[in-house]
Amino acid sequence: MTVHGLTLDIVQMVLVTIVAAATPLMIAALGELVAERAGVLNLGVEGMMVLGAAAGFAVAVETGSTFVGAVAGAGAGLALSALFGLLTVVLSANQVASGLAMTILGLGLSGLVGASYVGLKRDPAPHLALPGLTDLPGLGRLLFGQDGFVYLAFALAAGVSWFLWRTRAGLILRAIGDDHTATHALGLQVRRVRFRAVLFGGACAGLAGAYLSLSYTPFWAPAMTAGRGWIALALVVFASWRPFRVLAGALLFGGATVLQLNAQAAGLGLPGQALSALPYLATILALVLLSLGRRRGGSLAPAALGRVFTPHR
Amino acid sequence: MRIVQGALVAVLALGLGGAQAQEKKPGEKLKVGFVYVGPVADYGYSYQHDQSRKALAAALGDEVETSFLENVPEADSERSIESFARSGYGLIFTTSFGFMEPTLKVAKKFPKVKFEHATGYKRAPNVSTYSARFYEGRYVCGVIAGRLSKTGTLGYIASFPIPEVVSGINAFMLGAQSVNPDIKIKIVWVNTWFDPGKEAEAAKALLAQGADILSQHTDSAAPLQEAEKQGKLAFGQSSDQMRFAPKAQLTSIVDDWDGYVVGEAKAVLDGTWKSHDTWGGIKDGMVVLAPFANMPDDVKAQAEATKKAIADGTLLPFHGPVFKQDGSEAVKAGENAPDPMILGMNWYVKGISDTLPR
Amino acid sequence: MRIDLTPRTGRSALMDALSPILAFLAALVIGGLVVAALGRSPAAAFVTYFMAPLSEVWSLQEVAIKAAPLALIATGLAFCYRANIWNIGAEGQFVVGGLFGGWIGVAAHGIPGDPLWVLPLMLLVGTGAGMVYGLIPALLKVHLGVSEILTSLMLVYVAELLLDYMARGPLRDPAGFNFPQSVTFDDAAHLPYLMEGGTLHAGVALAVAVVVLATLVLGRTLFGFAVRVVGASPRAARFAGFGDARLTLAVFAVSGAAAGLAGISEVAGRIGQLQPSISPGYGFTAIIVAFLGRLSPMGILVAALVIALTTIGGEGAQIDLKLPLDLTRAFQGLLLALVLGADALSRYRVRFVPGATA
């Protein structure tokens, strides 16, 4: 089956690559989405991600288990986000500055943690292999041949969506993100909900980092996240704080990079800098369009996002 | 003047307890400093330079003391270089192209300190430059790739369109063409020296589009690992990356600065150091090819022969006739490309169908 | 257990001054423990980090040079943050200022007679470019209601890529063997040195002047009053003649201009040419500096000096004690976290209520 020299297999390989490239963005962005829905802007995603990558790889090497490594990566992100939550939620410190502090701290700590694991190699996380299904031509590898992180990312989107719109706790979380003063007056536990949302976001960022060092490129190298935490932040906005749009956006962002590289390989060159700038310009454009849309009545950003809350008694 | 300076420094050191500047006296250790643009843990360019620092410490033992600064941003490097000079370091290696102007500025202020700048082209009485003819190694890789490719298409992951990278692509292609005139190459520019994720994506793109052998001019082992995962072949970069891809690595172009670094330190110790330009290749041991692996014996033999021919000077990668992409003659038949042409190369050789980004 | 925060009545100036100092001491203790755990002497590390850079005229100058862009950018940001406007794209405004101001320097290369208009024009264009670039997120916020936090951040990457493109492409030195950097500026395009034989350049004086000016503007003018009160009471600012929109545009213009001026001062001062990257993250570090300095220009000046000191001390620690760079980074992150925490403790009385839920 060949259409213009593109076989179905090439298309599938490109799609598999896009999904893999999108996975860390999805996981980190979904976590950040929950935190932002609760009203907390965490600019420390990159730091939590890179710390998760280092800790995840180190623990996987020590225990020999990718699973334990992934859990440790999430745990490292969670630990750093606990510090962030302590500062911003409990002590009402400024979120922008605290988040940047976490990024610097995370980069430094990851270097210290990962120092003795440089140059080591592990086998990548195992991929699903279902007899018959995985070998289906055209779709088998795409649907039934990914590793656990990928399926988890999609499950996470469904879970977050269900939680935010189908549960009482999710409703409370969104309400708090929109108006902490009113929800507080109603007797809701603003800070507890926010703290938990921050922890969830940190764990997701750590897990996304662990995906990079355990599955995507299975080794540890300093600063290997290379700015993906910032892309995840952009993605949440781009997706207008909706989980399934995060999936779509991540596939789009990942797809833009991968297709750009494929276009080059196919001999269609474009200036690299312009293409690298695309995700950021796309986010700004999305923000503008969203704002125009809002004028016609939709509600989008959590209204209390980034604002400090202190219960006065 | 020197005495005055020394006395002043001594006073400062006594008075404030922390000053480190001092002049080297005969019989004292030679302090050798290294300034790296990346982390020593990159397992690529900076790592390989740090190996030479360790080799220096091992070779000269008590005669030298070494130290390094890593992750030094090029725009902010003048101070880093000067702090070595002020801390009594007698020989300072600045290992990235972007350190060129700062190195010259500092060197002007410290005429007694010797500086060694890698990959640049400006020198001074106390500034030497050195680089390696990486393209020689790439030519050998090209011969291997040309012999082994089943699809007739090679993949090349490139960082930035600077001459060193472009001459590497050309040499790789000329090597491949020497054994397979119809060979094709696909080139992907990733616009970074180090981003494992993006390098892996580039590798996947090239493999998906029919390349079966990868070469890279970026620093991480991610492309090699990707080739290994898909049962394809690839060349390593900067250091021997066999451990990352034992079934995929054919060879690796290893930057071996050990001999050069030790030699320069010895020259300073002997008082024979002079400013000069070194552009060493396979012959000088500066470009080393990791043991040939994952290939049949006859290809291995041809690779060894090519390497030997380059080493003894009977084979020059840019030996004419060399044609540019548009068919015009860059090097006349029987002549060799002069060094300045190779150093400033900004065109592709014939047979590459992509356009070079600018 | 529940934790309650009650605003302290009658905040004491003593407490205000003491809290960052206590945070600094706490960071020192934790850092010292880590250093000890790495098997080095905490006392030696303290001397290297904090004393040595202050013990020489040269390193004092370097601290000032490093602190100048931080203080300049952070002072501009203080206007934004006081008005509850979140410009986190100062890095981009810095880069754009350096790029466009530097462009004049490149264009003026080779004009005989070192004309006097070159430098002022560079500074003007750089400052203006930063201001215009800063106004983009401000206009998007004012007219379309788009969050300035995210747009200003996204524009950082766009600016960096633009500089990268220009330095590798159109503004590349034609005689530079296709290496990615511009010509080095003529003397007319260099900020003059303040001391004969020193490294201190006029950019440092500019930074100090701006800090002083900002203190006056914030404390003595109607605009400063509006900026100060708008956070607490937008209505009061409106009475002073500054609506939300006007104020947003004004503070973004001020901070963008300050960052742009810092960018061109760095390019015309230290770097002396355009390179693919001109900032080791000054724009982001400045956000930290702004908060460390509690959004007051004088406090910012002190905070910038502290951060510069730890950075330069961190290099000394790498050279002399072989302590990793990552330790310096982790220390800076920790220091900021502790200062922010201590700040909260000085603003609020914390009560632990056992048994109750948060």
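In chain B, strand β6(B) and strand β8 (residues 213-216) run parallel and are joined by four bridges. Here helices (H or I, at least four residues) and strands (E, at least two) are DSSP runs, numbered from the N terminus, and two strands pair if DSSP finds at least two bridges between them. Within this pairing, B:I157 sits opposite B:Q216 of β8(B). This is a predicted model, in which local features need pLDDT of at least 70 and side-chain atom pairs count only at pLDDT 80 or more, while totals for chains, interfaces and linings use all residues. Residues are numbered from 1 along each chain as its sequence is written, and chains are lettered from A and ligands numbered from 1 in the order in which they are written.

Strand β6(B) also has a partner in strand β7 (residues 184-189) of chain B, with six bridges in the parallel sense. Here B:L154 faces B:I185 of β7(B). To get from β6(B) to β7(B), the chain passes through helix α6 (residues 163-179) of chain B in a right-handed β-α-β crossover; right-handed means that, with the strands pointing away from the viewer, the path from the first strand over the helix to the second runs clockwise. Why is β6(B) largely enclosed by the rest of the structure? Five of the six residues of this strand (residues 153-158) are buried, so the rest of the structure largely encloses it. A residue is buried if 20 or more other C-beta atoms lie within 10 Å of its own, exposed if 12 or fewer, and partly exposed in between, with C-beta atoms placed from the backbone.

These strands belong to an open, mixed sheet of six strands in chain B, in the order β7-β6-β8-β9-β10-β12. At its edges stand β7 and β12 (287-289) of chain B, each with a single partner strand, so one side of each has no neighbour in the sheet. From one strand to the next, the twist averages 15°. Axes are lines fitted to C-alpha atoms, for helices over the stretch in contact, and angles run from 0 to 180 degrees between N-to-C directions. Helix α7 (residues 196-208) of chain B lies across β6, β7 and β8 of chain B, at about 160° to β6(B).

Strand β3 (residues 91-94) of chain B is covered on both faces, with B:L91 and B:F93 buried on one side and B:I92 and B:T94 buried on the other. This strand pairs in the parallel sense with β1 (residues 30-35) of chain B over four bridges, and B:F93 is the bridge partner of B:F34. Four bridges also join β3(B) to the parallel strand β4 (residues 114-118) of chain B, where B:E116 is the partner of B:F93. The path from β3(B) to β4(B) leads through helix α4 (residues 100-109) of chain B, and this β-α-β crossover is right-handed.

Chain C touches both of the other chains. Its contact with chain B involves 30 residues of chain C and 33 residues of chain B, two residues being in contact if their C-beta atoms, placed from the backbone, lie within 7 Å. On the chain C side, α12(C) gives the largest share, five residues. The contact with chain A takes 41 residues from chain C and 45 residues from chain A. Here the largest share of the chain C side, 13 residues, comes from α13(C).
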